[in-house]
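Dear colleague,

Please find below the structure that I am handing over to you, followed by a summary of what was found in it.

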Amino acid sequence: SSAYAFYKVLTTHCHAFKLGTLADVYTANKILNAYTRCKELHIARKLFDEIPHRDTVSWNTMIAGFVNCGNLETACKILKNMRRCDFDFDGYSFGSLLKGVASAYRLEVGQQLHSMVIKMGYEENVYAGSALLDMYAKCEKVEDAYTVFEYLPEPNSVSWNALIAGFSKVGDRSTAFWLLHCMEKEGVRAEDGTFAPLLTLLDDIEFYKLTIQIHGKIVKHGLAFDNTVCNAMITAYSECGSIRDARKVFDGAVGMRDLVTWNSMLAAYLVHEEEELGFQLFLDMQRLGFEPDIYTYTSILSACFEKAHKSHGQSLHAVVIKRGLECLVPISNALIAMYLKSNNTSMGEALKLFESMELKDRVSWNSILTGFSQIGLNEDALKLFGQMRSLMVEIDHYAFSAVLRSCADLATLQLGRQVHVLAIKSGFETNDFVASALIFLYSKCGIIEDARKSFEETPNDSSIAWNSLIFGYAQNGQGSIALDLFFLMRDRKVRLDHITFVAVFTACSHIGLVEEGLNFLKSMESDYGIPPRMEHYACAVDLLGRARRLGEARTLIESMPFKPDAMVWKTLLGACRVCGDIELATQVASHLLELEPEEHCTYVLLSHLYGHLRRWDEKANLTRLMRERGVKKVPGWSWIEIKNQVHAFNAEDQSHPLCKEIYQMLGELMEEITWLDTDTGLDALISDFDEPCESCDAKLLSAGNF
């Protein structure tokens, strides 16, 4: 343990002091190095000051000690003092300091040190050169790193690994693997530090075969049981779509597993929606003596979003409280996200947690803001955004995205424009998430031209903005343009995702392209590698329903590869209502009432259908069933924006400050409508239209309307 190591150093120090051997610089440096390894820098500094004949090793030991403790500033000061005391730097002096620069991402300091390295003739020193290369690579200046690499006379495995890691970090897959090929050609043996960064680049199903090849190389080099490589292999196989291979690697690492191995396998299960296996793994790791860390808890809590796992989430919350971990901000944030995503009624729990947090970070605020926006509490979202600004909380692209979507849902165009200006000032207007929210805002407000402008200002290399624009055109009745955008997106090789196809089905549905939509459903997996999900089938049912092809819609549901959820049945029920098919509607409603007996929408849709067909007895029975089950119809809301202020109303609402005047005006309008409904009122209205009005005609002509 660290306490025992410190005790041993103290004992050795006392021994040396008693024997008078501290005057020997070699002995003093050994003790000095031991103190720095124990991170006892104040004692090390005192001993350093007492060494009568310090050498370069003494200075380098102190520099390395402060660097390893993250104190780059003090390490730099020691380097300056070393020069003042007429000690020359060597490769180790530069190497240690450059390591600190790389960890702190202080590129400007690294460039100054680079000039000193050249000035003192150490650019070809392997230790200094490798550290310099590593610094540039970690600061994502891979071209500079490669230049340094070329000056090294005999680059070792550390140099090669640093360069490969640098190109892997910036996502340059082709160069990283080319370097591996060159490394093998030069006869330099690949290590764990070679393969681990390369495996992070294998993050898609198209790289599955390459992952298998790299795995073969790893086995050939005898690194199959190395922790770092093993953990990276689990993640790579998972990202490439093979949870089976990930599990094989995990099972093969018995006896060598560390906490990262367990966390990697847990993450793999959750990515592949194998929540039950994830929960079992969480229990197994503790049974075998591995204590979960922050990453473990945040991962497992993310699996509790579904309604089926709500009880697991509450149990995990109890465990977190019992172990005293609720005060940790990342875990509290994960709990907030869990409650927000589990269902709309858990917003109170999320708010309670948020308010109890002594320390809140940007993620905490964004979680609540996004929660308000997603469950329709848009006014609360706008108020919270204002509070964030007044408390000087840093506003990032997630916050802008959430508040812009709330502006879109409320159709508050003026306020949305103001947030747009704020996003421009903050430099987020080209961010994919912000651009997507802006496209959604302008599309929802019917200004598709401004939505297109927001799209054009983004790099257009991500599906996020493309999907939003396709949705925008589809929902504004311009389905043909939406489909043209899809084909353009495909031709430009922008990566398609499942949301892209939801947008495409929406476009087909709005312009009646039934056969085209069904063809997309059939070819999704074969042509684009995207298997249809529940939402795609729901869109296809909507497509057939709008075309009044209810039999085909029912057949499609029965042929689905998984059990249809409430969303699919609701879509069919809505189509039954439009087509007036009461028999099918009754069957569909029975499925829905089993799945969601407390959901008011099913009762309301079926009730409207009974009313439309004048089947009053069935309507009355349904109303009685709602009353018996305690189901209440959620009233609809309407709102209007006047002078940059949103006024919201629901049925029989009396909460508005101008309620009396509003109801008075409503009464006058109803009286006028009633009067117009009579024969007298209608005759008077017709006679008004029949009478010529020369003055009106003159006004219209002068205005240029005729």
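A salt bridge is taken here as a side-chain nitrogen of Lys or Arg within 4 Å of a carboxyl oxygen of Asp or Glu. The model is a predicted one, in which local features need pLDDT of at least 70 and side-chain atom pairs count only at pLDDT 80 or more, while totals for chains, interfaces and linings use all residues. Residues are numbered from 1 along each chain as its sequence is written, and side-chain values use heavy atoms, with hydrogens and water left out.

The structure holds 20 salt bridges. One of them joins D204 to R495, with the closest N and O atoms 2.4 Å apart. This pair links distant parts of the chain, 291 residues apart: D204 is in the loop between α12 (192-199) and α13 (208-220), and R495 in the loop between α29 (479-491) and α30 (498-511). Helices here are DSSP runs (H or I, at least four residues), numbered from the N terminus. D204 counts as buried at 14% relative accessibility, whereas R495, at 59%, counts as exposed; buried means under 20% relative accessible area and exposed over 50% (1.4 Å probe, protein chains only).

Within helix α17 (residues 275-287), R287 and D284 lie three residues apart, about one turn of the helix, and their side chains meet in a salt bridge (3.2 Å, N to O). E73, R106 and E108 are linked in a network of salt bridges.

Helix α34 is followed by G580, whose phi is positive, near 75°. Among the buried residues of α34 are W569, L572 and L573.

Yours sincerely

Conventions
Helix = DSSP H or I, 4+ residues; strand = E, 2+ residues; numbered from the N terminus.
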